[in-house]
Amino acid sequence: MSQPMIAILGAGQLGRMLGLAAARMGVACRFLDPAESPPAGVVGEVVGAEFDDRKAIDVLLRGAAPLTIEFENVPAAAVEYAARSVATYPSAAALRVTQCRASEKRVFAECGVPTNRTAAWDPGSQPADELRAAIDAIGLPVVVKTQYNGYDGKFQWVLRSESDLEKFLGDTHRLPLIVEEFVPFWRELSIIGARRPGGQTAFYPLVENTHAGGILRRTVAPAPKVTPELQARAEGYARALMERLGYVGVMALELFEAGTPGSGVLLANEIAPRVHNSGHWTIEGARTSQFENHVRAILDLPLGETAAVGSCVMVNLIGVEPDRAAVLAIPGASYHWYGKAVRAGRKVGHVTVWGDDAGVVAERAAAVERLAGS
Ligand code: ADP
């Protein structure tokens, strides 16, 4: 039997972990990425070129199908071009929705998925005073974000006071923006699911995420204090979005649990049309990892079990390389390194602490965080 090969746009750490999961199943991966020695280079061939280089896409697709992505800001036109010859998961249409915060919010509304109040503003067609009107209509505090190209909390402004607002409006804004009601959430959750072309879905347990400076720091899996009803509602939202987008593969839906602890009020924040940082714990903590389930879904193979086995805390390594031996001396700790140069604010690896007892795992994760300076 010949070895199947998947084509992947992007060769970062998500590509590396996809490649590792695929290799175990006898599936090869070929990547396209403009970066010099990207993380996925250790698990498959990398075509070094810009994402919109059509000749390079042809090379990427030689003997490979389907095409998938591990970085959501790849040009949708590149996916559209690839779709002339192979199936692409996600489709260019689904990617266009998730690349634009305003379209994403519209799709939430269409699917009956609750979200915070928002207003879009486009400098191409609207004068600057309409930006102020949009902010006034929502009311401070607000979070303003660029409609496109945001990641890890970049290109966002939190406006709490009149003086924040004056300063913000004093600058010239040339990019389409979205103004969002600031959500006084008590915690952030995410749900990760996989869907096959025929519509079969599988969902992981809700997880609890802690961000600082817009970057994910820690994921607790499964999230504590989740009722079966809350889990079912989150799955229902994610399933509705997947169906609306004709989505195939692994998708993450980031949620705010608003109001008071235990309120059960879920508001959708955003969709990640790919494997997600809040699902890294599944490598050690679930029967089937998100990476393997993505490979299975896009090859139209039966999905693997998504139940958690024990408890996990995943700690991101951001701009630090803690001592491997010290980390691995902590029982239940697994060290993941992405092979990237260490720079401030950059995700360079993660540590997952696994165990049977959530309390013990939390203490051990705190020890990892001390070593990682987080
Ligand atoms: P990115 O796409 O850059 O990851 P997000 O929109 O997910 O950006 O925002 C990053 C983080 O900023 C969120 O996880 C949350 O902690 C905070 N945040 C974003 N939007 C809001 C909001 N409307 N209200 C409160 N906090 C927010």
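A polar contact is a pair of N or O atoms within 3.5 Å. The model shown in these views is predicted.

**View 1. Polar contacts between the protein and the ligand.** A backbone N or O atom of Glu181 is placed 3.0 Å from a nitrogen atom of the ligand. Side chains also take part: a polar side-chain atom of Gln156 lies 2.8 Å from an oxygen atom of the ligand, and a polar side-chain atom of His211 lies 3.4 Å from an oxygen atom of the ligand. The ligand taken alone exposes 540 Å², of which the protein buries 90%.

**View 2. The shell of residues around the ligand.** The ligand is surrounded by 22 residues, and the closest are Lys145, Gly153, Gln156, Glu188 and Glu270. Two or more shell residues come from each of the elements β7 (142–146), β9 (177–181), β10 (185–195), β14 (249–258) and β15 (265–272).

View 3. Strand β12 (residues 207–212) runs antiparallel to strand β13 (residues 215–221), and five bridges join the two. His211, which has a polar side-chain atom 3.4 Å from a ligand oxygen atom, has Leu216 of β13 as its bridge partner. Two residues lie between the strands of this hairpin, where Gly213 adopts a positive phi near 60°.

**View 4. The pairing of β13 with β16.** Strand β13 is also joined by four bridges to strand β16 (residues 311–318), and these two strands run antiparallel. Within β16, Val315 stands opposite Arg218.

Conventions: Residues numbered from 1 in each chain as written. Predicted model: local features only at pLDDT ≥ 70, side-chain atom pairs only at ≥ 80, totals over all residues. Heavy atoms only, no water. Near = heavy atom within 4 Å. Polar contact = N/O pair within 3.5 Å; in protein donor to acceptor, adjacent residues only side chain to side chain. Areas by Shrake-Rupley, 256 points an atom, 1.4 Å probe, with all protein chains shown as cover. Pairing = 2+ DSSP bridges.
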